[in-house]
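Hi,

Here is the structure for you to look over. My notes on its pockets follow below.

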Amino acid sequence: MIALYIILVLVIAFFVIINLPVFGRLPKNQRLTKIHQLPNYREGALQNLSFTPMQPEGVSFFKILKAFFFEKHPNKSPDKALPFVTPDISGKPKSDAPEIIWFGHSSYLIKVEGLRILVDPVFSQTPSPFSFIGSKAFKGTDVVNAEDFKDIDILVITHDHYDHLDYQSILKIAPQAKTIVTSLGVGAHLERWRIQTEKINELGWKQSVTLFNNLTITAVPARHFTGRKFKRNQTLWSAFVLQTANYKLFLGGDSGYDTHFAEIGEEFGPFDLALLECGQYNAYWPYIHMFPEDTVQAAIDLKAKVLMPVHWGKFSLAMHPWNEPIKRVVAAASVKTFPLVTPKLGETVLLNGNFPSEKWWLTE
């Protein structure tokens with residue numbers, strides 16, 4: 001009887017935990033109908049344009065877990081606090097050209113056309129549903145907090161993974177944001193967290209929204225996956241094309257390398273700047289994240305004028321050394337003679353003006 005009682009308590013606790021707000025909510029009703037009508041929805045889930053297994057043939061999930069948790073991986077975190085430039089995140093742009101400020105991983109602020117656009121803000125110390133699980137943020141990356149971002153004009157969320165859609169950050173930033181742009185289905189999570197439905201713009205691939213009269217954001221394909229609990233690919237994952245009267249930026253989100261970059265480059269390019277992931281890769285999951293050399297090729301495919309590598313510099317979510325991604329992407333860009341910008345955390349990149357290129361990760 002005692003054993004039965006313990007099992008019952010554990011079952012109840014399990015269902016209580018998985019229904020906590022941090023996990024969000026799956027799409028339903030009209031939102032679910034829209035997802036079912038997407039051309040890449042079939043067999044009960046959203047699909048990538050190309051066949052995309054989570055890991056290569058012959059590699060089991062348990063083999064990956066063993067490698068991640070039990071094998072030695074040196075230098076996964078920096079030995080001391082990373083250098084950080086205290087940014088002006090509340091002020092308006094100082095010129096007509098876009099300004100970009102990176103805060104580590106895939107969180108960055110874009111100032112353009114008098115607007116402030118915040119992308120994938122993750123300011124919690126751990127990109128997971130619980131603070132005691134997962135990689136801790138590197139020292140020196142907590143200089144800016146979610147509370148600092150008041151009255152953001154546009155909040156962009158590429159997909160619903162914890163290292164891009166952070167519950168605690170959203171609770172502090174989204175209620176004051178004027179409008180939100182995200183992939184179709186992510187609005188279900190936001191509504192679960194009591195964010196106003198009226199300010200949420202959800203897009204399928206190739207769908208656009210025009211905001212503040214002269215700024216257009218278009219969702220385009222990426223090669224990735226989604227899910228905050230157990231069921232994958234019930235919400236969409238996207239990259240976004242941000243276009244003003246004079247500039248065009250590519251906001252990459254997460255994506256493995258594939259032919260979609262060249263297709264986007266043909267349809268929407270050239271881009272003044274491409275912000276693309278270059279970290280958290282491994283041969284155990286080669287299709288859903290890019291290796292740094294792929295990142296450079298993706299920028300070339302997109303017809304980008306300059307590449308800004310992100311998705312590194314804050315969390316260790318793979319087995320490589322923390323600064324290996326930037327070392328490899330710099331080397332690959334040098335071989336291709338492709339322009340690269342590598343700001344410190346908090347440092348402002350000014351298109352047509354300030355393109356930081358100091359190798360600050362070598363002086364830690």
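**Second largest pocket**

Lining the second largest pocket are 18 residues, with Gln30, Arg31, Lys34, Leu184 and Glu202 nearest its centre. A pocket here is an open set of points on a 1 Å grid over the protein atoms alone, where a 1.4 Å probe fits, with protein on both sides within 12 Å along at least five of seven lines; lining residues have an atom within 4 Å of a point. This is a predicted model: local features need pLDDT of at least 70, side-chain atom pairs count only at pLDDT 80 or more, and totals for chains, interfaces and linings use all residues. Residues are numbered from 1 along each chain as its sequence is written, and side-chain values use heavy atoms, without hydrogens and water.

The second largest pocket has a volume of about 330 Å³ (the space filled by probe spheres set on the points, which are joined across faces, edges and corners). Helix 2 (29-36), helix 5 (187-192) and strand 8 (200-203) each give its lining at least two residues. Helix 2 has the largest share, four residues. Helices (H or I, at least four residues) and strands (E, at least two) are DSSP runs, numbered from the N terminus. By class, this lining holds six charged, five polar and seven nonpolar residues. Nonpolar means Ala, Val, Leu, Ile, Met, Phe, Trp, Tyr, Cys and Pro; charged means Asp, Glu, Lys and Arg; the others, Gly among them, are polar.

**Largest pocket**

The volume of the largest pocket is about 1,400 Å³. Its lining has 38 residues, and Phe61, Pro127, Tyr162, Phe225 and Arg232 are the closest to its centre. Helix 1 (2-18) and helix 3 (61-70) each supply at least two lining residues. Helix 3 gives the largest share, five.

Best wishes
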